Amino acid sequence: MPKIRFHKLAAIAVLIGFAAWMATGEFSSVGSAADHQKEGEAGKAAQSGAEKPKTAEAEPKAALRTVAVVTPPRKTFARAIRISGLTEADKRAVLAVRVAGVIDKLPVKQGDHVKTGDLVLMLAAEEKLSNVDNARQLLAQRKAELDAAERLAKTGNLPKLQLDTARSNLTAAQSMLETAQAELDRNEVKAPFDGVIDRVPVELGSSVMQGGEVATILKLDPVIARGEISERDLRYIKIGDHANVRLVNDQKVTGTVRYISRDASSQTRTFRVEVAIRNADGSIPAGMTAEITLSAQPTDAVMLPRSVVTLGDKGDLGIRAVGKDDKVAFFPIDLVDDTPKGLVLGGIPQDARIIVAGQELVKEGDLVKPVEADQATINKLISEASAGTAAALLRAGSTGAAGQCRGFQGNSRHKSWTSSDSPFTTPASQYRR
């Protein structure tokens, strides 16, 4: 009984102590002090985060990027299409013999000018000459016999049948002479057209086989400049258009388009073009490298240095300009010509303010601060162009971009230009609005 009482008293004491402890509320700090601290820090962070937007709003907006712009004068330019090609003879013939034999006459040599029908070569033909003489004598005899028969027939002393026989004999004699003359002509080689003898691979007295080559004749007036034009440029030219041709020796001549193929090459998808050039003195040979410049219909365009051209977001070649709202816009270009003074470009709006400095640092839709280009900027552009560089195109840094740059230049050559040739030599004050 005493033990039982003690346990009961102990239990009652513990119960009273537990109740007192619960009443104080201190149990909440046990094991949760760290949590309470974290909650306090989170509250502070939330309060700090709420203050950050206010701080950002208080900061000033970033300054707009400044770009240099110009509004170049517009002019009417004739589109120039440059293609590489070769000169060739208007006509070329390789002369050959029709029968075998020994060369008896060779009155021409390399470089001689001949007319149509001039004798170039003759084979020995003693037997054939004799046949021609015999045929002529027989023809004369048959003519005499027919004359006598007609006189007798008029007096009634010759039957009509004998008169018909005399006429038939004369016709047969004429045929024999023509045949003998044709056989003799087969031993001769004559010039088929006016031209110059370019090659004579045989010598007097040498033997040649039937069909053997004996001479090459060329007609070099007019001389032909031949090239291939692309599918895109085909629509700009027509037969009769004037063309400028620059030969590899820097000789410059003019000609007229005389032929445009209507069947594209299956390998290159280009069309053959022929330009006829007067060459009365024969100074232009066949087979010389030439650059053909074809002029199309004039178009409205502007002239700009090469460094202004850049690449758009889609990889197109064009220029960047600033609109009335001071936002950057990209305009694809149409290459009209590539001259020593710069690129002649079409497809640019009338009121476009073209960015000439800083175009690679902005993109379409950016809001910028445009300023008129000063003379120092213009001089820098001129010096870049005179060095023959396309800096703006090469900044793309990719093989594809470089390939497009090469395609953009086409067959034209890079040429140097000076400040006197620049379209921007006008003082910058002219461009101020």
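Predicted model: local features only at pLDDT ≥ 70, side-chain atom pairs only at ≥ 80, totals over all residues.
Visitor: Which residue does arginine 272 form a salt bridge with?

Guide: For a salt bridge, look for a side-chain nitrogen of Lys or Arg within 4 Å of a carboxyl oxygen of Asp or Glu. Here the partner is glutamate 88, and the closest N and O atoms of the pair are 2.6 Å apart. Glutamate 88 sits in strand β2 (residues 74–96) and arginine 272 in strand β12 (residues 271–277), so the bridge ties together parts that are 184 residues apart in sequence. Glutamate 88 is partly exposed too, because its relative accessibility is 22%.

Visitor: And what do the side chains of glutamate 213 and arginine 199 do?

Guide: They meet in a salt bridge as well, at 2.6 Å from N to O. Glutamate 213 belongs to strand β9 (residues 213–229) and arginine 199 to strand β7 (residues 195–199), so this pair links parts that are 14 residues apart in sequence. Check the accessibility again: glutamate 213 has 34% and counts as partly exposed, and arginine 199, with 39%, counts as partly exposed.

Visitor: Now aspartate 241: is it buried or exposed?

Guide: Buried means under 20%, and aspartate 241 is buried, with a relative accessible area of 12%. Its side chain meets that of lysine 238 in a salt bridge of 3.0 Å, N to O. Lysine 238, for its part, is partly exposed at 47%.

Visitor: Which residues do salt bridges with shared partners join into one network?

Guide: Follow the shared partners and you get Glu88, Asp90, Lys219, Arg226, Arg258, Arg272 and Glu274. Our opening pair, glutamate 88 and arginine 272, is in there.

Visitor: How many salt bridges does the structure hold?

Guide: The count is 14.

Visitor: Let's turn to cavities. How many of 30 Å³ or more does a search of the whole structure find?

Guide: The general idea is that rolling a probe the size of a water molecule over the atoms shows where empty space is left. In this case the search turns up one cavity of that size, and the largest cavity holds about 40 Å³ of space.

Visitor: What lines the largest cavity?

Guide: The lining is made of Thr71, Pro72, Arg74, Val302, Ile348, Pro349, Gln350, Ala352 and Ile354.

Terms used
Residues numbered from 1 in each chain as written. Heavy atoms only, no water. Helix = DSSP H or I, 4+ residues; strand = E, 2+ residues; numbered from the N terminus. Buried < 20%, exposed > 50% of the residue type's maximum accessible area, 1.4 Å probe, protein only. 1 Å grid on protein atoms, 1.4 Å probe; cavity = no way out; pocket = protein on both sides within 12 Å on 5 of 7 lines; lining within 4 Å. Points joined across faces, edges and corners; volume = space filled by probe spheres on them.
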